[in-house]
Amino acid sequence: IVEHPAAGYKKIFETVEELNEPIPATITGVIPSWLGGSLLRMGPGQFEVGGEPFNHLFDGQALIHKFDLKNGQVTYYRRFIRTDAYVRAMTENRVVITEFGTAAYPDPCKNIFSRFFTYFKGIEVTDNCLVNIYPIGEDFYAVTETNYITKVDPDSLETLKKVDLCKYLSVNGVTAHPHTEADGTVYNIGNCFGKNMSLAYNIVKIPPAQGDESEPLEKSKVVVQIPSSERLKPSYVHSFGMTDNYFVFVEQPVKINLLKFLSAWSIRGASYMDCFESNYSMGTWFHLATKDPAAYMSSHKFRASAFNLFHHINSYEDQGFIVVDLCTWKGHDFVYNYLYLANVKEEWEEVKKAATRAPQPEVRRYVLPLDIHREEQGKNLVSLSYTTATAVLHSDGTIWLEPEVLFSGPRQAFEFPQINYSQRRGKEYSFAYGLGLNHFIPDKIVKLNVQTKETWVWQEEDCYPSEPLFVPTPGATEEDDGVLLSIVVKPGAERPGFLLVLDAMKLTELSRAQVNTIIPVTLHGVYKP
């Protein structure tokens, strides 16, 4: 395990300026001639306003980054997204809209009566879209997990317009991890009010761009509703699984207390984080729905021990089973509790201490049998030869799942997973690529063979990479024939920020494009050919 006593990682959590124009990069090594396009990434770029710090990793103001690769040349550009949260914070020089872990207070200059009424005006939901960026039809949208998404120009990085998904769909918000089919159809999931004012989860479908001028969002619709196991406390949902014929939704024990949420804004100093709680007894539920025609499979009740889940790696069907590979964190204690900036910016020994209290990460494979015979109570229903995962039918009709562990190391997480998405999404696959988190600090890129459990690692002293995006070689037949793109920060270097290009097969460096600027932490992104 690599140590970080110099604590250079603190640099990726510091405010930066946006750029007036793209800056050229210095290239070492050789960038493949076929690689031409833009790597777009989202993350926080401003970590305080008016002397007031943002508290949580998911609070900083949204900054969009772009590395352009063209004819062997590379440039880097970044701009803040002109969200309402950003514009108003800059105008008033204070936090105006409550963020994930930072509460906004009413304007101190107003008199006491207008301040009092501000508390009861209702919830002002943030549009700070710092989590991901993805295409819908011909357009690109920067997103967080609320009902607001922001249309951006992927070339100029200009902010074009704020879009309220509630205008088109019955959802309170959707995840930042949609699934996209080859034709451009987008699927996503979000929670909503279902029948009798109880909570549910809606899977939504946004069609691809049509020949006419219409916006795909205008034709979006809810395709299937999955009930919540607790009426007024939906589970936190960050991603979901999709195979050729099924949707997979994992309902975790981290809950949003809706009553707290609705009253939070009338209580001084409450943020989104204050509305999360853990259900100690529910464990974790797996739900299935068919895709076409879409229907919830209420007869299939799968349950497992408690874990936190943020990222699905992949799901696929095989011989009457659905194989579901996940990046999990053991137990019901909410991992986001450990991602306050005060924690991750501590000295290295303190960071390590805090991480030992947090849930332990593990890559797990669960196998869900589609064919359930009631007489097979008490015995393992999984007959796939290549996995040790089990599924056992209990007398109450639930099926208890035990996973196969694909990757595990003390305080070492394989997270922000990526696959050869265009070729292997929803299909049997061999390789996953991820960001290695060492006590929550991103310090390596890992390739995992999910069949043999073999791993390859790219790591360099005092380097802090981001989620590696896989780009396939044109015309490739091998699953791992392509490159990985990651933005890396090396704080002490002359040019501290660089785009790293790795050979995805061997995980060896092909080239790096270095720029003379620090680049703060980025969360997710997309490669636009």
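## Aromatic pairs and a cluster

Rings of Phe, Tyr and Trp pair if their centres lie within 6.5 Å. By this rule, the predicted model has 28 aromatic pairs. One of them joins Phe100 and Phe276. Their ring centres are 5.8 Å apart. Their planes meet at 45 degrees, so the pair is tilted; planes under 30 degrees apart would count as stacked, and those over 60 as edge-to-face.

Where do Phe100 and Phe276 lie? Phe100 is in the loop between helix H1 (84-92) and helix H2 (112-119). Phe276 belongs to strand E19 (residues 276-278). The pair therefore ties together parts that are 176 residues apart in sequence. Both Phe100 and Phe276 are buried.

Phe100 and Phe276 also belong to one aromatic cluster.

## A lysine over two rings

Which rings does the charged end of Lys447 sit over? One is the ring of Phe431, with the charged end of Lys447 4.3 Å from its centre. Another is the ring of Trp456, where the distance from the charged end of Lys447 to the ring centre is 4.8 Å.

## An open four-stranded sheet

An open sheet is built from 4 strands, in the order E8-E9-E10-E11. Pairing in this sheet is antiparallel. Strand E8 (132-136) and strand E11 (159-164) are the edge strands. Each of these two pairs on one side only. From one strand to the next, the twist averages 35 degrees.

Within the sheet, strand E9 (residues 139-143) pairs with strand E10 (residues 148-152). The two run in the antiparallel sense and share 4 bridges. Opposite Tyr141 stands Lys151 in E10.

How many disulfides does the structure hold? The count is 0. Cys129 is in no disulfide. The nearest cysteine sulfur to that of Cys129 belongs to Cys166, 16 Å away. Is Cys129 buried or exposed? Cys129 has 0% relative accessibility, so it counts as buried.

For Cys166, the closest cysteine sulfur is in Cys192. The sulfurs of Cys166 and Cys192 are 11 Å apart, which is too far for a bond, because a disulfide needs sulfur atoms within 2.5 Å. Cys166 has 38% relative accessibility and therefore counts as partly exposed.

Technical notes
Residues are numbered from 1 along each chain as its sequence is written. This is a predicted model: local features need pLDDT of at least 70, side-chain atom pairs count only at pLDDT 80 or more; totals for chains, interfaces and linings use all residues. Side-chain values use heavy atoms; hydrogens and water are left out. Two strands pair if DSSP finds at least two bridges between them. Axes are lines fitted to C-alpha atoms, for helices over the stretch in contact, and angles run from 0 to 180 degrees between N-to-C directions. Rings of Phe, Tyr and Trp (its six-membered ring) pair if their centres lie within 6.5 Å; planes under 30 degrees apart count as stacked, over 60 as edge-to-face and the rest as tilted. Buried means under 20% relative accessible area, exposed over 50%, partly exposed in between (1.4 Å probe, protein chains only). A charge sits over a ring if NZ of Lys or CZ of Arg is within 6 Å of the ring centre and within 35 degrees of the ring normal.
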